[in-house]
Amino acid sequence: MGRFAQLVIGPAGSGKSTYCDNIRQHCETIGRTVHVVNLDPAADAFNYPVAFDVRDLVTLEDVMEEMELGPNGGLLYCMEYLEESLGDWLGQELQAYGEDDYLLFDCPGQIELYSHISVFRSFVDYLKSDGWSLAAVYTVDCQFVGDPTKFIAGSLQAMSAMVQLELPHVNVLTKVDLLGDENKAALSEYLIPDPQALAQELDKNTSPGFRRLNRAVAQLMEEWSMVAFVALDYSDEECIGDVLAQIDHCIQWGEDADVKIRDLGMGELGGDDS
Ligand SMILES: Nc1nc2c(ncn2[C@@H]2O[C@H](COP(=O)(O)OP(=O)(O)OP(=O)(O)O)[C@@H](O)[C@H]2O)c(=O)[nH]1
Ligand SMILES: [Mg+2]
């Protein structure tokens, strides 16, 4: 038993909202319920039904107008306002959700929110203290595949969020349906990347002065050995199921359900504990 959540984060346009909608639809198909929460104060339209919405607390449009801020400063203001309102607004919204509920938080796309400022760390700490079991799902556009420079930059951003949030973390490569045949074939190399091979590729694209830096970055990725990706193809229900199962496992969703089924079986069939 418990309450479960995924914090869906990642760079702008990397497919967070699409991920939330597809996971929700997949769950609906298999008879599971998940609720999607909008945490993006700048969002304007959704494909999914919104369980609750940060725009009921604060919107980017209002902040830009009232505080005379630009879009980036305005978003930071909104998120700091959210951070201050966790106990009131979020606490109240979460009261509607109880045992076994499962939420997907669709987050904004500015990556500095996950590495430079404390709002999401505070958000995570609040949910944990309220009894939620949660994981970070970091979406990365698979256009990074095939370009070592972009791939390393994306991996380092993902690592930075991983370190800041200290959550079970799954990196999801999105838009794999858009990959050309050549890059599709290369995909498996990037799912569990070999940093030294990537550094060699980087050397080809950078001037010799950067080689030591390339080695150092590769070594960092190797030492943490935590940067791995799963590819998500929405045209393949089995693939969606596998990705979801991996995240469920991180947050221990369903483990109680197994125990309950086993208990029921033993009770009805008169089995013993052995
Ligand atoms: N073909 C394809 N398109 C995708 C996929 N995922 C996302 N897209 C498209 O990419 C664009 C951006 O997707 P969103 O889900 O809005 O991305 P986001 O990360 O929520 O964007 P922001 O909230 O603005 O940061 C949209 O046009 C989506 O339809 C995918 O797996 N395949
Ligand atoms: Mg979005």
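The legends below describe close-up views of a predicted model. Local features require pLDDT of at least 70 and side-chain atom pairs count only at pLDDT 80 or more, whereas totals for chains, interfaces and linings use all residues. Residues are numbered from 1 along each chain as its sequence is written, chains are lettered from A and ligands numbered from 1 in the order in which they are written, and side-chain values use heavy atoms, with hydrogens and water left out.

**View 1. Surroundings of ligand 1.** Ligand 1 is surrounded by 14 residues, the closest being Gly 15, Lys 16, Ser 17, Thr 18 and Asp 177 (a residue is near if one of its heavy atoms lies within 4 Å). This shell comprises four nonpolar, six polar and four charged residues; here Ala, Val, Leu, Ile, Met, Phe, Trp, Tyr, Cys and Pro count as nonpolar, Asp, Glu, Lys and Arg as charged, and the others, Gly among them, as polar.

**View 2. Polar atoms around ligand 1.** An N or O atom in the side chain of Lys 16 lies 2.7 Å from an oxygen atom of ligand 1. A polar backbone atom of Gly 13 is 3.1 Å from an oxygen atom of the ligand, and a nitrogen atom of ligand 1 is 2.8 Å from a polar side-chain atom of Asp 177. The protein buries 64% of the 640 Å² that ligand 1 exposes when taken alone (accessible areas by the Shrake-Rupley method with a 1.4 Å probe; for residues, only the protein chains shown count as cover).

**View 3. The largest pocket.** The largest pocket holds about 280 Å³ of space. A pocket is an open set of points on a 1 Å grid over the protein atoms alone, where a 1.4 Å probe fits, with protein on both sides within 12 Å along at least five of seven lines; lining residues have an atom within 4 Å of a point. Grid points are joined across faces, edges and corners, and the volume is the space filled by probe spheres set on them. Of the 17 lining residues, Ser 17, Asp 40, Ala 43, Ala 45 and Asp 106 are the closest to the pocket centre. Helix α1 (residues 16-29) contributes the largest share of the lining, four residues; helices (H or I, at least four residues) and strands (E, at least two) are DSSP runs numbered from the N terminus. The lining divides into five nonpolar, seven polar and five charged residues.

**View 4. The second largest pocket.** This pocket has a volume of about 240 Å³. Its lining includes Gly 146, Pro 148, Tyr 190 and Leu 198. Helices α8 (181-191) and α9 (195-205) each supply at least two lining residues, and α8 gives the most, with five. Six nonpolar, two polar and four charged residues make up the lining.

View 5. Arg 32 is found in the loop between α1 and β2 (35-38). Its relative accessible area is 16%, so Arg 32 is buried (buried means under 20%, exposed over 50%, partly exposed in between; 1.4 Å probe, protein chains only). The side chains of Arg 32 and Asp 248 make a polar contact of 2.8 Å (a pair of N or O atoms within 3.5 Å; within protein, one must be able to donate a hydrogen and the other to accept it, and residues adjacent in sequence count only if both atoms are side-chain atoms).

**View 6. Loop residues with positive phi.** Glu 166, in the loop between α7 (148-165) and β6 (169-174), has a positive phi of about 50° although it is not a glycine. Glu 166 is exposed, at 52% relative accessibility. Lys 175, in the loop between β6 and α8, is likewise not a glycine and has a positive phi of about 65°. Lys 175 is partly exposed, at 27%.
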